[in-house]
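The following dialogue is intended for a reader who meets this structure for the first time. Please keep the sequence and the model in view while reading.

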Amino acid sequence: MNPSPGRAPATGHNGGVSAEPAIPDLPVLQADCSKCFALCCVALPFAKSSDFAVNKAAGTPCKNLREDFRCGIHTRLRDKGFQGCTVFDCFGAGQQVSQVTFGGRDWRTHPGTAKAMYEVFPVLRQLHELLFYVTEALTLPAAAPVHADLRRAQAETAQWTAADADALTTLDVGALRQRINTLLLRASELARAKAPARKKNHRGADLMGARLAGADLRGANLRGAYLIAADLSGADLRLADLIGADFRDADLRGADLRGALFLTQPQLSAARGDAATKIPSTLARPAHWTA
């Protein structure tokens, strides 16, 4: 079972969970704005740019936020210059902070919770994102050699999501991410071992505006690659490792992303696609894509 809110997870002598931890129930890894106190609209800052129409400081409610914690221009965000809002995804961290960490107490009626809530939200978001990746890695049959280690990492991370605010603000989430990333790298290598383009290593590469239409990128390493405005139309990205790849304004029309590793909804939402773009069944086709 998950530790109750107000407690940090039990750890072993080496700072991790016990060798064979009980797998706790995972928190929901998909955003449910109806159960969140609009934390992304308040806690996070944004700067005036092509993604946001105005500047906003961290801890300041967006001018479009209503009293009921709903966005007043939700259906017109792109038209009003708030494209960045349509791309952001908290992986369910918003409702976890709102309903679990703070037990349903919102920052308006309980202003004393605001500062801690805003500090905890980014931490929970990272934990939920890590759980999203680890959970996907556990579905990869070829990554079976690291499944046991991944399950231990999953258990430890899930336990942290149920810790209290004080514990979460002291968590070295960077160290946890580094440990888990080592496992994800190994899972990726195992999954891509027999893919045609597995030796194409574009990790962190500057591919902004690159002409990659129709490219065979099956199993390629595109971790952290800058693919802003790249032409990937008709490209085959099956089994490509896409953790952290920047797809802002990338052309994915007709591309095949089925089975792409660690692809997220924000990455799809940041790109341009169409009805011919093939995407994993676990993700949704963005509403702004062309028919």
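Predicted model: local features only at pLDDT ≥ 70, side-chain atom pairs only at ≥ 80, totals over all residues.

Q: How many helices and strands does the secondary structure of the chain come to?
A: Helices (H or I, at least four residues) and strands (E, at least two) are DSSP runs, numbered from the N terminus. Here the chain has 7 helices and 0 strands. Its pattern along the sequence is α-α-α-α-α-α-α.

Q: What share of the residues in the chain is buried?
A: Buried means under 20% relative accessible area, exposed over 50%, and partly exposed in between (1.4 Å probe, protein chains only). Of the 291 residues in the chain, 48% are buried.

Q: Which residues have the most contacts inside the largest nonpolar core?
A: In soluble globular proteins, nonpolar side chains tend to be buried together. A nonpolar core is a set of buried Ala, Val, Leu, Ile, Met, Phe, Trp, Tyr and Cys residues joined through side-chain atoms within 4.5 Å. The largest one has 49 residues, and those with the most contacts inside it are Val97, Trp107, Leu127, Leu150, Leu168 and Leu184. Two or more residues each come from α2 (93-101), α3 (114-137), α4 (147-160), α5 (165-170) and α6 (173-191). The largest share, 13 residues, is from α3. Apart from this core lies another, of 30 residues, among them Ala197, Ala210, Ala220 and Leu263.

Q: What does Leu127 touch, not counting residues up to four places away in sequence?
A: Contact means heavy atoms within 4.5 Å. With those sequence neighbours left out, the residues that Leu127 touches include Thr157, Trp160, Leu168 and Leu176.

Q: Is His128 buried or exposed?
A: His128, in helix α3, is buried, with a relative accessible area of 0%. Beyond four places in sequence, its contacts include Pro27, Cys90, Phe91 and Thr161.

Q: Where does Thr113 lie?
A: Thr113 is in the loop between α2 and α3, and at 8% relative accessibility this residue counts as buried. Not counting residues up to four places away in sequence, Thr113 touches Phe102, Arg105, Asp106 and Trp107.

Q: How many disulfides are counted?
A: A disulfide is a covalent bond between the sulfur atoms of two cysteines. The cut-off is a pair of cysteine sulfur atoms within 2.5 Å, and the count by this rule is 0. Cys33, exposed at 60% relative accessible area, has its sulfur 6.2 Å from the closest cysteine sulfur, in Cys40, too far for a bond. Cys41 is in no disulfide either, with the sulfur of Cys40 as the nearest at 3.9 Å. Cys41 is partly exposed, at 23% relative accessibility.

How values were computed. Residues numbered from 1 in each chain as written. Heavy atoms only, no water.
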